[in-house]
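The paragraphs below lead through them from the overall build to single residues.

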Amino acid sequence: MTKQIVILGGGTGGTLVANRLHKHFKHHRADHDTVQIIVVDRDDHHMYQPGLLFVPFGLAQHSEIVRPRRAQLHNGIEFVESGIDRVEKDRDTVVLENGRELAYDVLVVATGAQLAFDETEGLTGPGWNEQVFTFYDIIGATGLEAALAEFEGGKLVVNVVDMPIKCPVAPLEFCFLADWYFTERGIRDKVEITYATPLDGAFTKPVASAALSELLEEKGIHLVTEFNTGEVVCNGDDRKLVGYDGREVPFDLAVVIPMHSGADYVGRSEGLGDELNFVPTNKSTLQTDAKPNIFAIGDATNVPASKAGSVTHFEGEVLVDNIIRFIEHRDLQSTYDGHANCFIETGFGKALLIDFNYTTEPLPGHFPTKVGMPLLKESRMNHLGKLMFQWFYWHALLPGRDVPGIGADMPEHGKEHV
Amino acid sequence: MSTATYAGVSVELNDEGFFVDPTQWTKDIAVELAKADDIDELTPQHWTVLEFMRKEYFEKGTGPTVRVLGKTSGVSVKDLYLLFPKGPAKMAARIAGIPKPKGCI
């Protein structure tokens with residue numbers, strides 16, 4: 001008999017889970033069964049998403065951050081290139097857009113989050129990709145590179161429409177890099193940078209929020225809080241974000257992070273997703289509420305952690321162990337603690353590092369131990385760490401290698417409680 | 001934590017003014033809370049939103065965010081802001097006697 005594990009999505013989560021499961025079942029059989037792993041994605045382009053931040057500033061190129069999905073999967077894993085029509089959980093079957101049906105014993109939803117441009121009035125209307133951009137996809141990030149290069153001064157507004165978004169620190173990093181970029185070009189004094197967020201501070205967690213607010217102030221970046229964008233207006237010189245409460249934020253160039261939702265097929269699959277097409281998932285075991293043989297990872301879930309690659313990475317270890325337990329009819333035991341870890345690029349060759357989980361907010365100190373990298377403090381070492389990370393992503397994280405000292409559980413040593 | 005009296009009922013509130021125990025809520029309390037938030041009269045549309053929020057809270061353990069309200073309550077986000085100008089999710093949650101929605105991550 002063969003047990004079939006179908007993984008929907010060949011991004012960070014889908015790839016690392018497929019590779020880790022494949023490695024395990026190459027050496028262990030599941031109750032005398034062999035295990036077949038199939039990964040489905042609509043295309044063969046795996047994007048290193050953290051790289052998108054650097055494209056507008058000419059610090060990364062499209063070709064450097066995209067590789068074939070297929071090539072990231074270990075030999076022996078089947079890759080199916082097709083869109084997904086729906087999951088029929090009562091039949092344990094995925095129906096693909098190309099008509100093929102895939103029966104599964106275990107399903108992993110790893111299709112991430114997508115940008116819901118249409119949910120904001122006027123966002124893709126006049127001025128879209130001319131004076132109004134996003135850097136959350138490659139078209140926007142590339143277009144923005146040209147727009148920034150031509151920008152000679154005026155109001156630059158960076159706006160988060162609503163949470164949750166992928167990598168909640170990326171819009172702040174964009175502000176910091178814009179400050180650096182215009183300083184390098186010698187026109188920083190001609191550019192007014194504003195960060196408009198629906199949150200009541202710079203970030204979601206209090207200690208980091210205070211530190212990041214200070215940094216914004218130091219760099220002369222204006223902070224507009226509790227701003228809920230109702231409409232983007234861009235008619236000739238009349239360019240502004242209009243909040244639902246009537247407040248207006250005028251701009252010459254706007255960088256908008258649209259609302260996010262789960263994949264469309266989740267909405268077409270009865271009993272799988274919530275109102276936003278995210279998949280209700282147990283935050284510790286990563287088993288979905290939909291059915292015991294359906295698991296989910298990364299941005300596709302509704303777990304109360306950041307939608308970020310590091311979360312997906314740490315979830316992966318737990319998820320793989322729990323899938324093995326499930327297939328072997330053992331109780332799920334592994335628990336994910338909400339561990340997240342992000343470098344925050346702050347410009348001028350420096351970066352901050354934050355490390356947190358469900359219960360511990362980002363704190364100062366060092367990571368992973370007292371002699372490690374500085375936490376919540378700008379340093380050149382963190383910037384180098386951020387640059388190094390791309391190598392680590394392709395060569396260690398996706399192939400599913402364990403990295404000593406960096407595990408799923410958040411390290412406590414080195415943190416200073418304040 | 002503090003205690004306040006609305007419509008003759010003594011209720012417990014957390015530091016941000018949200019109900020600790022949503023079962024203490026009554027419609028008369030809602031009318032008083034609304035007045036304190038400058039809503040002189042609760043219209044049928046207000047009630048639709050308040051009842052929807054309570055239903056969601058008791059089913060899911062948290063009140064909906066504005067975006068989810070706009071998608072599922074039958075009232076558009078624009079209208080939600082007209083009904084509850086100080087921010088629909090928080091303001092409606094307070095008047096509906098449920099804890100602050102856990103929307104933001």
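A residue is called buried when its relative accessible area is under 20%, exposed when it is over 50%, and partly exposed in between, with a 1.4 Å probe and protein chains only. This is a predicted model, in which local features need pLDDT of at least 70 and side-chain atom pairs count only at pLDDT 80 or more, while totals for chains, interfaces and linings use all residues. Residues are numbered from 1 along each chain as its sequence is written, chains are lettered from A and ligands numbered from 1 in the order in which they are written, and side-chain values use heavy atoms, with hydrogens and water left out.

Chain B contains five helices and two strands, where helices (H or I, at least four residues) and strands (E, at least two) are DSSP runs numbered from the N terminus. Along its sequence the elements follow the pattern β-β-α-α-α-α-α. The radius of gyration of chain B is 13 Å, close to the 13 Å that the globule rule gives for 105 residues, so chain B is as compact as a globular protein of that length; this radius is taken over C-alpha atoms, and the globule rule is 2.2 Å times the number of residues to the power 0.38. Its C-alpha atoms fill a box of roughly 35 × 30 × 20 Å along the principal axes, and 46% of the 105 residues count as buried. Of the contacts in chain B with a separation of 6 or more, 52% are between residues 24 or more positions apart, a contact being heavy atoms within 4.5 Å.

Within chain B, helix H2 (residues 44-60) has 17 residues and reaches 24 Å from its first C-alpha to its last, close to the 24 Å expected at 1.5 Å a residue; the expected span is 1.5 Å times one less than the number of residues. The buried residues of H2(B) include Trp47(B), Leu50(B), Phe52(B) and Tyr57(B), and also Arg54(B) and Glu56(B). Among the elements that cover these buried residues are helix H1 (27-36), helix H3 (66-72), helix H4 (77-83) and helix H5 (88-95) of chain B. After H2(B) comes Gly61(B), which has a positive phi, near 85 degrees.

Chain A has eight helices and 24 strands. Its radius of gyration is 22 Å, close to the 22 Å that the globule rule gives for 418 residues, so chain A is as compact as a globular protein of that length. The C-alpha atoms of chain A fill a box of roughly 70 × 50 × 40 Å along the principal axes, and buried residues make up 59% of the 418 residues. Among the contacts in chain A between residues at least 6 apart in sequence, 67% join residues at least 24 apart.

How are the strands of chain A arranged? Strands of a sheet pair through backbone hydrogen bonds, either parallel or antiparallel. In chain A, three strands form an open, antiparallel sheet in the order S6-S7-S8, two strands being paired if DSSP finds at least two bridges between them. Strand S6 (84-88) and strand S8 (101-103) of chain A stand at the edges with a single partner strand each, so one side of each is left without a neighbour in the sheet. Strand S7 (residues 93-96) of chain A is joined to S8(A) by three bridges, and Val95(A) has Glu101(A) in S8(A) as its bridge partner.

Parallel pairing is found at strand S9 (residues 106-109) of chain A, which pairs over four bridges with strand S1 (residues 2-8) of chain A and is joined by three bridges to S20(A). Ile5(A) stands opposite Val106(A), and Leu107(A) stands opposite Ile294(A) in S20(A). Val106(A) and Val108(A) point one way from S9(A), Leu107(A) and Val109(A) point the other way, and all are buried.

Two threonines of chain A close the tour. Thr301(A) lies in the loop between strand S20 (294-296) and helix H7 (309-327) of chain A and, at 1% relative accessibility, counts as buried. Its side chain reaches the backbone nitrogen of Val303(A) at 3.1 Å. Thr346(A), found in strand S21 (residues 340-347) of chain A, counts as buried at 0% relative accessibility. A polar contact of 2.7 Å joins the side chains of Thr346(A) and Glu378(A); such a contact is a pair of N or O atoms within 3.5 Å, where within protein one must be able to donate a hydrogen and the other to accept it, and residues adjacent in sequence count only if both atoms are side-chain atoms.
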